[in-house]
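This briefing is intended to be read alongside the sequence and the three-dimensional structure. Please keep both in view while working through the points below.

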Amino acid sequence: MNPGEVAQATRDFLYALLRATWEPQALHTARAPADTIDWRAFLHAAQEGGVAPLLYPLLRGQDLVPPSVVEHLRQVYYASAARSLPLFRELRRVLQELAQAEIPAIVLKGAALAPTLYGNVALRPLTDLDLLLRPADVAAALRALQPLGYVRDTLELRPGFTEAFHHHVHLRASSAPAAILELHWTVLPPPCAQTPRAMDWFWESARPVAIDGISALVLGPEAQLLHLCAHLAQHQELDTPRLLWLHDIAGLCFRHRDTLDWELVVHQAEQLGLGYPLARALERVALDWQAPVPETVRRRLGQAYRTQILWGKPRTAAIGFLRHLAVLPGWRRRIAYALGVLFPVPEYMRQRYRIRSPFLLPFAYPYRWLTALRRTCLPSPANR
């Protein structure tokens, strides 16, 4: 086989295994002659894509891959467990503290999916904890978490800028340095609908579950599906999405294949402006995972491709800034956003550009603007 054929066979083998994690009967289709697979490329793709830990239980005891590959996956699996378990202990502490302060919170992304969709915290790697709060509760939550040592670990462009224009605040605890906590107040990135009631449906979908022995809220499957698609768009990963994130979406389709309300999913996607991210994600999982996505749903979402220009990755930070500016409602908000991005407070500028001399501070602003014209991506407002 030529290199191109080996690469394709390796890719097909990996996707067949991923499909088999959700449909065990599909494992018989994942057999391929050993000499047709580039095992180094296979392991690299699985590890870079974040799916290596979940392959170990599937391949253990199977005569599908060389023993050295199984051993490598075993080590990755236990390393994932070692990283995840302390994070779930920290999640328990955070949820207890918020419950005492009577602040409702919805667990998002990996911390919600690992116990509810995967059933094993080692299978679904996570690097941080994400909670959804109501906007009115964010300030109280920040105060409630101070006794646990949680503080913001980034400076704001201007006071109040994060809450006004971003979707989450980034916290780190001195008592748990490995734990990064993100408190979200919306899961909808621009150019989605940003009305005050846009998040109501997500909250209405929330259902109680037990996570590490404590009661918690997670999104319902329809809202979870849309949130995961929004997350892809938020990170500008619609063209080259991470395998793990697509695997999450495929898993929801498989797990809830008989109960998922597709009419509700499509309706809410259209109402919230998430049609294109949903269409792209479902197209991939239907093709590569053979996920049970109704053809009628895919045809209906085909109309959403007209909005793809709104979701493409901006060529420069300046273009991303202008696009974000355009979707903000009202001139006052647009002016406040522009001032924050173009003229951050001196404390932010000194830290961001490592300015030691006060005489250099005025020159840092033109430097910031010029670099935005050639920077190829737009960092989030909290980290710019």
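Where does P358 lie? P358 is found in the loop between α16 and α17. The model discussed here is predicted, and the protein averages a pLDDT of 89, with 94% of the residues scoring at least 70. The points below treat confidence and overall form, and then individual residues.

**Confidence of the model**

- Among the elements of the protein, the highest mean pLDDT, 98, belongs to strand β1 (residues 106–107), and the lowest, 82, to strand β5 (residues 176–184).
- Across residues 377–384 the pLDDT is below 50, and in the model this stretch has 26 contacts beyond near neighbours in sequence.

**Overall form**

- The protein contains 17 helices and seven strands.
- A compact globule of 384 residues would have a radius of gyration near 21 Å; the value for the protein is 22 Å, and therefore the two agree.
- Taken along the principal axes, the box filled by the C-alpha atoms of the protein is roughly 65 × 50 × 45 Å.
- Of the contacts in the protein with a separation of 6 or more, 69% are accounted for by residues 24 or more positions apart.

**Surface and charge**

- Of the 384 residues of the protein, 53% count as buried.
- The protein has an accessible surface of about 18,600 Å², and carbon and sulfur atoms contribute 56% of that surface.

- P358 counts as exposed because its relative accessibility is 63%, which is over the 50% cut-off.
- P358 and V285 are 73 residues apart along the chain, and 53 Å separates their C-alpha atoms.
- R354 also has its place in the loop between α16 (346–352) and α17 (361–374).
- With a relative accessibility of 75%, R354 counts as exposed.
- R354 is not a glycine, yet its phi is positive, at about 50°.

**A second residue with positive phi**

- Most residues other than glycine have a negative phi.
- D212 has a positive phi of about 55° although it is not a glycine.
- The loop that holds D212 runs between β6 (207–211) and β7 (214–218).
- D212 is partly exposed because its relative accessible area, 41%, falls between the cut-offs of 20% and 50%.

- A372 lies in helix α17.
- The relative accessible area of A372 is 17%, so this residue is buried.
- Although A372 and T316 are 56 residues apart in sequence, their C-alpha atoms are 6.6 Å apart in space.
- T316, A317 and A318 are the residues in contact with A372 once its neighbours within four places in sequence are left aside.

- D288 is found in helix α12, which covers residues 275–288.
- D288 counts as buried because its relative accessibility is 7%, a value under the 20% cut-off.
- Apart from neighbours within four places in sequence, the contacts of D288 are with R11, Y15 and R19.

How values were computed
Residues numbered from 1 in each chain as written. Predicted model: local features only at pLDDT ≥ 70, side-chain atom pairs only at ≥ 80, totals over all residues. Heavy atoms only, no water. pLDDT = per-residue confidence, 0-100. Helix = DSSP H or I, 4+ residues; strand = E, 2+ residues; numbered from the N terminus. Contact = heavy atoms within 4.5 Å. Rg over C-alpha atoms; globule rule 2.2 N^0.38 Å. Buried < 20%, exposed > 50% of the residue type's maximum accessible area, 1.4 Å probe, protein only. Areas by Shrake-Rupley, 256 points an atom, 1.4 Å probe, with all protein chains shown as cover.
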